[in-house]
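I opened the model to look up a few residues, the salt bridges and the boundary between domains. The entries follow in the order in which I made them.

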Amino acid sequence: MAQPGTDGHPLRVAIIGAGPAGYYAADQLLRQSGLVVEVDMFDRLPTPYGLVRAGVAPDHQKIKSVTAAFDKVAANPRFRSYGYVDFGKDLTLADLRAHYHQILYSTGAQTDRRMDIPGEDLRGSHPATEFVAWYNGHPDYRDCRFDLQEERAAVVGVGNVAVDVARILCRSAEELATTDISDYALDALRRSRIKEVYLLGRRGPAQAAFTNPEIKELGELADADITALPEEVELDALSRAALERSPDRATLKKVEILQGYALRNASVKSRTLIVRFLVSPVELVGNAAGQVTAIRLVKNELYATPAGTLQPRATNRFEELPVGLVFRSVGYRGVPLPGVPFNEKWGVILNEKGRVLAPDTQQPVVGEYAAGWIKRGPTGVIGTNKPDAAETVTGMLEDLTRGVYLHPSQPTADAAEALIRLRQPDYVSYADWLRLNELEISRGRPLGRPRVKFTSVEEMLAALGR
Ligand code: NAP
């Protein structure tokens, strides 16, 4: 048969995962001139947008406006969306191979990295990723429990996720009440007795992973003040030398913001956020009931690796911070998909520039691709996924031109839809999602909130009259 990509014989692409990487890839595929592409996008949740809905903090609504661009993609008549269809359960890889010329995985990074220290599984110790998914109303995490009756919490890591967690813990009920935070989280946070939140960085202020707007925002909270220890925000000799060799304005500004925090007067607000540097957790200490009561830290110093990066090295000085809650925010991690080669060490699909590789030969697997965090790991902002998806799509189009693609026995939209109806009669189309979206927005309107989210699949299906 002739190469797909014409009106009579469109190129059929399945995308697994309806987050930013999936949408950017769909957009680029559908924009190709002279090539007729049909995209079917699958997500295991009824709702689209991946981390834009379930990861971006509720008090960062502006960032979520990127969904307008995704809605435009979804409005293309050659795009179909199948929510609440679980790859590996409702649809197998063999099913996809029978219906599509190319398959793109954009499933993100669904779990967290561990600290690998004693006590990590005590009650009160949680992955930040679960807290984030919980406050954002992700159906799989709505039943998580976080004991916000504790007065002191530690967040391990100083990336933007750690900052999000610390900020949400420190926001006042009034600040949260105007966001789209899940109702149950709003309720729990309203009753929160948290007074002190520690953000714990293992290296120094110049190496902190958070970005400047995010750390600045922590200094502007309505009812929480921020502080740092003067000796910990002073630059060490190695960091100073590195900055003198290659002055980086953003890093200099970051250090200046943090040094400003160390000079602030004692807090008069209800909550205090304490940013610490050059400390690593070595153990979570628990009581007889198995509940975290403290985090034991070792003081670090920096050393230069042969490659020139500054890394932490433990000293023999220890301290213990009494805390009843610990959130580890030391990075997300991808989860393997059934039948798809995976790099366990990196937590990503085994791939080169988005082409999935066979583990034994390291050669591309025909017709399979990856984009976003499941391709490159959990780095960068939402927009980073645009060039990332473009790289993958370029490979897909090159392969198409070379005649390297799958040869499905049933390459039509109708055949795919018939199979999906059979496997998951409750699938949620884009039109269904738009109805859910309207309902969420109208529930929020009288409360002055952007939306009140549905947080369980049953609720969503009931709202659609199923
Ligand atoms: P991240 O930026 O990679 O930060 C991870 C943090 O964990 C780093 O401070 C890292 O320290 C630390 N860490 C790693 N292993 C550790 C260990 N064993 N002990 C102590 N600390 C450890 O990751 P992220 O915060 O999960 O964010 C993921 C991506 O999403 C980032 O690109 C982030 O910028 C982005 N994001 C952006 C926003 C926003 O734009 N507002 C919001 C959320 C997330 P080292 O540097 O020493 O390794």
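**Entry 1: Gln-424 and helix H16**

I looked up Gln-424 and found it in the loop between helix H16 (413-423) and helix H17 (430-444). Helices here are DSSP runs of H or I with at least four residues, strands are runs of E with at least two, and both are numbered from the N terminus. The model is predicted, so I kept its limits in mind: local features need pLDDT of at least 70, side-chain atom pairs count only at pLDDT 80 or more, and totals for chains, interfaces and linings use all residues. Residues are numbered from 1 along each chain as its sequence is written, and side-chain values use heavy atoms, with hydrogens and water left out.

Is Gln-424 buried or exposed? Gln-424 counts as buried, at 10% relative accessibility. I used these classes: buried is under 20% relative accessible area, exposed is over 50%, and partly exposed is in between (1.4 Å probe, protein chains only). Leaving aside neighbours within four places in sequence, I listed Tyr-84, Val-85 and Asp-90 as the residues in contact with Gln-424. Contact means heavy atoms within 4.5 Å.

I then went back into H16, where Ala-413, Ala-415, Ala-416, Glu-417, Leu-419 and Ile-420 are buried. The cover over these buried residues includes strand S1 (11-16), strand S2 (37-43), strand S3 (79-83) and helix H5 (93-99). I noted a general point beside this: an α-helix has 3.6 residues a turn, so residues three or four places apart point the same way.

**Entry 2: Arg-202**

I found Arg-202 in the loop between strand S8 (196-200) and helix H10 (212-217). Arg-202 is exposed, with a relative accessible area of 51%. Leaving aside neighbours within four places in sequence, Arg-202 is in contact with Leu-278, Val-279, Ser-280, Asn-300 and Pro-312.

**Entry 3: salt bridges**

How many salt bridges does the structure hold? I have 43 salt bridges for the structure, where a salt bridge is a side-chain nitrogen of Lys or Arg within 4 Å of a carboxyl oxygen of Asp or Glu.

I looked at Asp-40 and Arg-12, whose closest N and O atoms are 3.0 Å apart in a salt bridge. This pair links distant parts of the chain, with Asp-40 in strand S2 and Arg-12 in strand S1, 28 residues apart. Asp-40 is buried at a relative accessible area of 1%, and Arg-12 counts as buried at 1% relative accessibility.

Next I looked up the salt bridge between the side chains of Arg-171 and Asp-59, at 2.7 Å from N to O. Arg-171 lies in the loop between helix H7 (160-170) and helix H8 (173-176) and Asp-59 in the loop between H2 and H3, so the pair ties together parts 112 residues apart in sequence. I recorded Arg-171 as buried, at 11%, and Asp-59 as buried, at 17%. Both residues belong to a network of salt bridges that links Asp-59, Asp-164, Arg-167, Arg-171, Glu-175 and Glu-217.

The side chains of Arg-449 and Asp-183 also meet in a salt bridge, 2.7 Å from N to O. Here Arg-449 is in the loop between H17 and helix H18 (457-463) and Asp-183 is in helix H9 (residues 183-190), 266 residues apart. Arg-449 is buried, with a relative accessible area of 7%, while Asp-183 counts as partly exposed at 41%.

**Entry 4: the two domains**

The domain assignment gives domain 1 (11-110 + 334-428) and domain 2 (113-331); such bounds come from an automatic or database assignment. Their centres, taken over C-alpha atoms, are 33 Å apart. I found 13 residues of domain 1 in contact with 17 residues of domain 2.

The two domains bury about 1200 Å² between them, 48% of it on carbon and sulfur atoms. Buried area is the accessible area (1.4 Å probe) that two parts lose on being put together, summed over both.

The rule finds four salt bridges across this interface. I also looked up Arg-44 and Asp-140, whose side chains meet in a salt bridge at 2.8 Å, N to O. On the side of domain 1 that touches domain 2, helix H2 (51-54) and helix H3 (61-64) are the elements that give two or more residues.
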